[in-house]
Each structure stands twice: as C-alpha cells, then as structure tokens.
Amino acid sequence: MPNYDPEPKMKFTFGLWTVGNPGADPFGGVVRERISPVQIANLLGEVGAYGVNFHDNDLVPIDATPAQRDQIVKDFKKALKDNHLVVPMATTNLFSDAAFKDGAFTSNNAKVRAYALQKTMRAMDLGAEFGAKIYVFWGGREGVESDATKNPVEAIKRFRAAINFLCEYNINKGYNYKFAFEAKPNEPRGHMYFAVTGSYLAFIPSLDHPEMCGVNPEVAHEHMAGLNFVHQVAAALEAKKLFHIDLNDQEFGRFDQDYRFGSANLKHAFFLVKLLEDYGYNGSRHFDAHAYRQSGSEDVKSFARGCMRTYMILKEKAARWNTDKEIQALIKEINVDDSELSKLSKKFSASNAKKLLDAPLDRVALNIGLPYEKLDQLTMEVIMGVR
Ligand code: DIG
Ligand code: MN
Ligand code: MN
C-alpha cells in the first residue's frame, strides 16, 4: 500500500496566510494564536511541504521600519533554509489596507493607483530577494457594489496600464517573473472585474507583454461562479497559460470557503488531478486554503497534510483509471474515427467542402446509444476505491 507522503517533485506549496490563518470570519474574531513566518516555515517543514508563498505584508508588516524589515527577512531566510523550503511565488496585498477600499489599479483616484504600483514594485523586490519566479495578481478590491461608481471599460484600461508598467519594471530589474492573474467573481467586492479565469485569458493578448502573463485559477473562485473548474484549467493549459494554480475546495453557491483540497467535491478533484498529471503540469501545486475555524493548532497540521495526501491519493487513482482495462476499452469504443471524413474536415478546400457536402451521412443512424452510465460508474468505483 503506497504511503501517499508528499514528494518534492509535486511542488506542494502553501501561503503564509493559509496555515497561519487564525480562524477569524466576518462574524467572529480569531480563535487561534497568530504565528510568525518562522513558526509557519517550521510547521510546513514538519508536514513535508515543498515551498511557501507570501503577500508582502504576510512577511513584512505594512508599518515595519527598515530595520524591522531586514531582521524579519534575515530570520525568514534562515527558517527557509532550516526547513528546506523554497519560495516559488510572491504577491502583493492590495486588498487589506483602507487605501484600497475602492480598488487599487482600477481605483478612481490616481494617487491610489500610483500607491498600488509603488507597493507592488516594492513587493516584487521582496519576492525577488527570495527567488520567487511567479508573481500573482489577485484583484481583491478591483470591482464595485454599484456600477454608478466606476466605468467598467475604463477599469479594464486602468488595469492594463498598471500591468504594462509592471511588466516593464520586471524587465528593467531583470527579475524574470511570470505574472499569473487570479480571477474571482465577488467577495470582498459585490462585483469583481475579471470575474473568471476566461476573462483573463481574453485580456492577456491585449497586453504589451502577453508572453510574460498567464493565469492562476482557483477552485473555489470558479465554483463560486458555478463553473466546471477542470474546464477552466483545461482552457488555460491548452493556451499554455497555466502558470500557477490555487487548489482548495468549495461548495457551489456559497461564500469563498477555501476548504481543504478535495474535501467537498471529490469527483471534480479527481478529474482536476487527472488533468494536471495527464498533461505533465510542472508548476506549483499551491493550496490556497485554510483549516476550519474550529481547528486547534495540531489540526491545522492535519489540514495541511490532508491537502497533500488527498492529491497523492487522487494521483494514484488517476493512474488506475488510465490503466483500467474495462475503462480503457470503453474509451476506445466511444471514440469513433473515420480517416476519410477526418481528412476532409482537417483542412478546408473547395473540393473537400464539396465531398463533405455530398457525403452520405444518415442523421438517424448517427443516434447511437453510448455506455456513459457504465463508464461513469466504473470511474466512481475507482474513486471509491473498489477498482
Ligand atoms: C485569494 O484567493 C488570493 C490571495 O490569497 C492571493 O493574492 C492569491 C494567491 O494565492 N489568492
Ligand atoms: Mn479563495
Ligand atoms: Mn487564491
């Protein structure tokens, strides 16, 4: 029986804010002691994580003095070394401070937009000091409650101008970051711009440096929009834009729950792991999630271990599915090829179009019964552990 322990090649990472989450929610204060970045690094080292990520202010408080900053950075670098952890991703907190209450890059106030750029450049400097190569942009406050307050077309232009500026900063400093945009439909704003991953995939080609930019889809956020997360990730993979991924879980039609990976929708989690493994995804598997409010500090470690263990178990299930003889026989059966017709429709020509128009295709005969119930039942039995 495999032990399902985390392996470095899986690149399992956690943000400082995840296992450091003190359990507060909009209706109640903290329930767990706030722990330091060094303590978080020690926890992640203990559970076998590959790396840790941070927003600028998860590591360095927004009002820290330069001397305090230097000490924090020094201590954290030592803790990373002691725990054999790397920092693959960094990002900016452009959503907590009151200055950003009406947005950062899309704010109506040019001074706020300038402060957002300043804060992001400084945060990029900090991330580069730890070797981060992915830079995430989650527009937590980029949106509205009332569309009376902001022109949505203007907001997109403001966001594009900020990203174009920061791409140039990345080039000028030689940081070689890849930018990853993370979508969310709402919360904390009533309506957020770039609501789903597809919004960013459509936006990226309009940037000055599209090759530098990709996406960081999050399970919970696409579920909040009622979407099939696997399909959103497939679109990003197919476009070669899956630069990072935020793994967690989420009941449909709820606030952003950031649950332990696989703890709410196991079937969707199975197909997600299968997709990532089948396509050889080589980026971080980042768990942007947190333990239940009711959890104590030891249970937070169970949360972190559970995220990674579930991924490893589903990875093995996906391999089983790919080698299950009965399943693979059904996959072969349901994919009907016709070399002649495929050739005609592969590349347009007047003659191919004429041959297709004249092809004797009988729609009645095309209504073929398919063994999808059997195929899905076999799949469920793999997931349930009886195949
Ligand atoms: C929330 O889902 C966002 C922020 O936590 C962070 O900016 C990003 C990186 O994982 N996810
Ligand atoms: Mn989330
Ligand atoms: Mn996230």
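Start by selecting Glu218, which is buried, with a relative accessible area of 1%. Here buried means under 20% relative accessible area, exposed over 50% and partly exposed in between, with a 1.4 Å probe and protein chains only. A quick note before moving on: this is a predicted model, where local features need pLDDT of at least 70, side-chain atom pairs count only at pLDDT 80 or more, and totals for chains, interfaces and linings use all residues. Residues are numbered from 1 along each chain as its sequence is written, chains are lettered from A and ligands numbered from 1 in the order in which they are written, and side-chain values use heavy atoms, with hydrogens and water left out.

Next, click Asp246: this one is buried too, with a relative accessible area of 1%.

Now pick ligand 3, a manganese ion. Which residues coordinate the manganese ion (ligand 3)? They are Glu182 (OE), Glu218 (OE), Asp246 (OD) and Asp288 (OD), at 2.0 to 2.1 Å. Donors are N, O and S atoms within 2.8 Å of the metal (3.2 Å for Na, K and Ca); water is not among the atoms, so sites may look incomplete.

Last stop, ligand 1. Show Glu218 again and look for its polar side-chain atom 2.7 Å from an oxygen atom of ligand 1. His55 has a polar side-chain atom 3.0 Å from a ligand 1 oxygen, and for His221 the distance is 3.3 Å.

How values were computed. A polar contact is a pair of N or O atoms within 3.5 Å; within protein, one must be able to donate a hydrogen and the other to accept it, and residues adjacent in sequence count only if both atoms are side-chain atoms.
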